[in-house]
Amino acid sequence: MSIARALREAGVLGINRRNASYTLRWNPRGLHPGVDDKLQTKRLCEQAGIPSPKLLAVARHHFELRELSRSLMRLEDFVLKPARGAMGNGILVVRGREGERFVGPGHRPLALDDLTYHAASIISGLYALAGQPDQAMVEERLRVHPTLAEIATDGVPDIRVIIYRGVPVMAMTRLPTRRSGGRANIHQGAVAAGIDLRTGRTAHAVLEGRAVARHPDSGHNLMGREIPGFAALLEIAVRAGDASQLGYVGVDLVLDANRGPVILEMNARPGLAIQLANRKGLLPRLDAVDAWWKPHRSLEERVAFGASLGASRAK
Amino acid sequence: MRKAAPAGPAVMNRPSLLTGLLLIGIGLAFFAWKVWGYDLPVVPDDPEGLWRVELVITVRGAGERGSVRAPLPSSGPGQIVYDEHSAADRLRFEIRREEGQRTGIWRGRLRDIHEISHGFQVQLSGARMEVPGGRVEGPPADILRLYGGPTPRFPADAPETFAVLESLSLPPPAEVTARLRSIFALVNHEIEDAEQASEDALIVLANREGSERGKAGLLVTLLRAAGIPARPVTGLWLQRGTPVTEASWAEAWVGDQWVPLSPSLNFFGRLPEELLVLHAGSFEGVTAVGAEAISYRYHALRERLSPEELAALMMPPNPLLQALSLYRLPVATQAALRALLLLPLGALFMAMFRNLVGLPTYGTFLPVLIAFALRDFPLALGLGLVTGVIGVGVLGRLVLERLRLLMVPRLSILMCMVVLAVTALALLGGTTENRNLFAGVLFPIVILTMLVERFSIVLAEEGTREALVRGLYSLVVVAAIYPVFQSRTAEHLMFGFPELVIAVMGWLVLIGAYTGYRVTDLVRFRAFGSRWREAS
């Protein structure tokens with residue numbers, strides 16, 4: 001098993017180990033609702049003074065749908081999504097209006113009815129993690145910062161930072177492609193570009209598990225792009241991780257053109273593909289954090305240590 | 001500066017390893033104690049199609065020399081005969097072999113009443129002969145000589161037979177199989193079955209009705225007239241729950257083998273597993289020479305351990321083990337437990353597929369439940385059923401999508417569709433007399449409905465490819481778990497030795513504590529092994 005040996009040498013974290021040694025150990029189930037439910041996440045962020053997208057409307061029950069559609073009528077652009085959706089499922093981005101109709105993803109025209117039906121499906125639990133009744137929420141549509149907008153097609157690129165025991169250990173940006181239908185979901189064909197924690201620059205990129213240097217749609221170079229205000233972004237990510245109280249958490253942010261880094265959601269079981277995007281295994285960094293960790297390390301200290309992790313491994 | 005070698009993270013923590021091994025140890029120790037300490041059978045001693053057959057002949061004589069002859073079975077395609085024993089009752093017994101057939105002969109002075117018996121065990125498995133299509137070689141000379149010509153019993157040279165063949169307008173002589181089929185079809189369809197009707201071929205032909213033996217005789221006659229060597233066969237029909245009956249059918253020489261066919265029992269090119277061949281070449285049953293009277297009877301017993309015997313066998317002389325034995329329970333409870341105790345094995349397989357291999361499937365236990373539900377189906381048919389029903393469901397869901405119904409009613413409508421689909425299959429099974437399809441009624445419908453819904457969501461959210469891939473993996477897992485639920489050995493093991501569930505739990509602890517890579521991790525991250533350099 002030479003591949004297994006290579007993975008072990010690179011310190012690649014596998015699913016079993018992630019579950020047993022990290023998520024199960026550091027993320028007690030009682031804390032999951034705080035991140036599984038985006039409304040609760042939003043509340044956590046608000047309490048901690050961390051920016052998150054503005055909530056425009058919520059429908060918890062079917063009888064609230066009428067009220068919801070009335071709110072939608074007044075809006076120009078927005079995002080309609082389930083509070084407990086998994087893997088970006090059920091998220092509908094409305095980017096504008098054309099008279100009575102809304103403009104959906106891929107410039108698909110949508111009637112108000114379509115949106116209400118979508119909201120009804122959300123409430124019924126169609127997109128929820130375990131199929132339980134859910135809530136439909138309407139949020140402001142974020143304006144992607146031009147640096148990232150340039151290298152993403154037709155969607156909102158996000159930045160994922162893994163926070164382990166309060167220390168950022170790895171980051172990547174997920175860039176939607178035509179193939180991914182505008183979604184920042186790696187499994188659906190979005191590009192993932194690893195970000196060097198020290199420099200805040202994109203270093204490598206993968207598409208469907210293969211290394212790429214350019215965006216498949218636009219041909220823009222993906223390497224060496226500097227994420228503006230990356231240090232501030234890391235700080236916000238760490239604060240969000242602290243607010244969640246989870247020991248091993250994936251924080252997803254969007255870099256808004258006006259507001260800067262905004263917390264989109266958090267994940268108590270963050271995926272492992274980030275290692276491919278960075279061409280680095282997580283384990284050495286996680287071990288380094290364990291070795292370094294002491295109670296009451298300050299926010300700045302932790303962010304700085306995270307950045308140094310990126311440096312020490314860059315070679 | 002680096003340490004000598006990356007020892008690699010321990011693949012498992014020590015407490016879990018010990019717990020797992022301990023549980024496995026407890027389960028296996030208990031198992032071993034029962035197996036070696038008390039000789040409990042590990043495999044079920046109850047093979048299918050095993051019969052004990054006994055022929056009992058009573059002859060009465062007035063003191064003259066005479067003989068009694070009876071056809072005796074040989075091992076051959078579809079049957080293995082063994083453990084023979086005879087009681088000759090003052091007569092001399094010998095077995096004569098002719099043309100590969102065995103006849104038992106009892107000779108001597110027949111005085112008063114003789115009770116003769118001959119018993120044997122036979123394992124029946126049925127047989128299937130490839131009937132070659134198109135042109136085949138002509139029969140060898142000795143076969144043609146022995147089984148090709150007319151005899152008083154099979155008057156192949158009678159004008160009536162030729163007239164019938166004429167009317168059939170048969171294919172050319174070299175196309176043996178085609179000729180065989182049309183003659184078989186004639187006797188099969190146009191001659192009525194009538195138990196009391198004649199056994200004579202020509203009378204059967206004239207009256208258009210015949211007994212089983214009469215129809216077989218007519219078939220032999222017509223085949224010989226058409227140039228296909230054919231011979232009569234006698235045997236026994238052994239079926240659980242019905243008394244043993246004598247059966248007659250025919251065999252035709254096609255290519256290089258005898259092909260069994262029966263216009264009354266409806267088989268062609270195969271031997272049903274209920275049939276025991278006693279003798280090929282004549283319809284002669286038990287006969288006597290020099291006797292004043294003779295009667296005979298076949299007895300057949302399905303050779304199997306009765307539940308009591310099995311229970312006794314599985315009940316060791318140890319009060320503790322007896323108290324814990326599931327064989328003490330009422331039979332109905334036993335049946336339910338037998339099925340239930342297989343589930344841990346299925347779960348073990350599932351855990352292996354999910355946590356060691358890492359295959360994505362629909363639902364955690366859905367494949368186990370489906371494999372469980374398919375227990376009574378042939379696998380291919382079962383998987384076809386699942387796929388078909390899901391296909392119907394997914395189509396239905398696409399239609400329903402337009403109506404914009406709320407989820408629970410929509411799911412309920414889906415379930416109705418699934419019920420209808422299963423009902424249609426059952427109807428289909430009823431008309432085609434395919435019992436396996438008919439059993440589909442019992443198929444757990446809710447499971448399929450959930451599967452339809454999950455499939456549809458993945459279809460909509462992650463695309464056709466992902467949905468199909470995951471579906472394929474689910475079917476793979478179902479197919480892999482299926483033999484476990486099908487296995488009588490597994491059933492016997494888990495029911496007779498429920499302590500194995502503890503061992504299964506031990507294995508599950510080990511799997512649950514395994515923090516090494518899954519097979520899918522290796523595939524996903526294989527680039528770490530080699531290919532990074534080229535890209536940058």
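**Strands, helices and a contact**

Author: Let's begin with a pair of strands. Strand β10 (residues 191-195) of chain A pairs with β11(A) in the antiparallel sense, over four bridges. Two strands count as paired if DSSP finds at least two bridges between them. Helices (H or I, at least four residues) and strands (E, at least two) are DSSP runs, numbered from the N terminus.

Reader: Before going on, what kind of model is this, and how are things numbered?
Author: This is a predicted model: local features need pLDDT of at least 70, side-chain atom pairs count only at pLDDT 80 or more, and totals for chains, interfaces and linings use all residues. Residues are numbered from 1 along each chain as its sequence is written, while chains are lettered from A and ligands numbered from 1 in the order in which they are written.

Reader: What is the mean pLDDT of chain A?
Author: The mean is 87, and 97% of the residues of chain A reach 70 or more. pLDDT is the predictor's confidence in each residue, from 0 to 100.

Reader: Where is confidence lowest in chain A, and where is it highest?
Author: Lowest is helix α11 (residues 299-314) of chain A, with a mean of 79. Highest is strand β8 (residues 158-164) of chain A, at 95.

Reader: Back to β11(A). Which residue of it stands opposite A193(A)?
Author: That is A205(A).

Reader: And what's in the hairpin?
Author: Six residues lie between β10(A) and β11(A). One of note is G200(A), which takes a positive phi near 70°.

Reader: Which other strand pairs with β11(A)?
Author: Strand β12 (residues 210-211) of chain A, antiparallel, over two bridges. In that pairing V206(A) stands opposite A211(A). β11(A) and β12(A) also form a hairpin, with two residues between them. In its turn, E208(A) has a positive phi of about 50°.

Reader: How many residues of β11(A) are buried?
Author: Six of its six, so to speak: strand β11 (residues 202-207) of chain A is mostly covered. Buried means 20 or more other C-beta atoms within 10 Å of a residue's own; exposed means 12 or fewer, and partly exposed is in between, with C-beta atoms placed from the backbone.

Reader: What about chain A as a whole?
Author: Of its 315 residues, 51% count as buried. Chain A has eleven helices and 14 strands.

Reader: Tell me about β2(A).
Author: Strand β2 (residues 78-82) of chain A has four of its five residues buried. β2(A) pairs antiparallel with strand β3 (residues 92-94) of chain A over three bridges, where V79(A) stands opposite V93(A). β2(A) also pairs antiparallel with strand β7 (residues 136-139) of chain A, over four bridges. There, A136(A) is the bridge partner of P82(A).

Reader: New topic. How many residues does each chain give to the contact?
Author: Chain A gives 32 residues and chain B gives 29. Two residues are in contact if their C-beta atoms, placed from the backbone, lie within 7 Å.

Reader: Which element gives the largest share on the side of chain A?
Author: α1(A), with eight residues. By class, that side of chain A has 14 nonpolar, 14 polar and four charged residues. Ala, Val, Leu, Ile, Met, Phe, Trp, Tyr, Cys and Pro count as nonpolar, Asp, Glu, Lys and Arg as charged, and the others, Gly among them, as polar.

Reader: Now chain B. Which residues of α4(B) are buried?
Author: V176(B), T177(B), R179(B), L180(B), I183(B), F184(B) and V187(B). Seen down the axis of α4(B), the buried residues fall within an arc of 160°, so they line one face of the helix. The arc is that of the directions from the helix axis to the C-beta atoms.

Reader: And the other side?
Author: H189(B) and E190(B) are exposed there.

Reader: What covers the buried residues of α4(B)?
Author: Among the elements are α3 (159-168), α6 (212-225) and β9 (245-254) of chain B.

Reader: Last one. Is L451(B) buried or exposed?
Author: L451(B) is buried, with 24 other C-beta atoms within 10 Å. L451(B) is found in helix α15 (residues 445-486) of chain B. Leaving aside neighbours within four places in sequence, L451(B) is in contact with Y362(B), L366(B) and I390(B). The C-alpha atoms of L451(B) and Y362(B) are separated by 7.1 Å, though the two are 89 residues apart along the chain.
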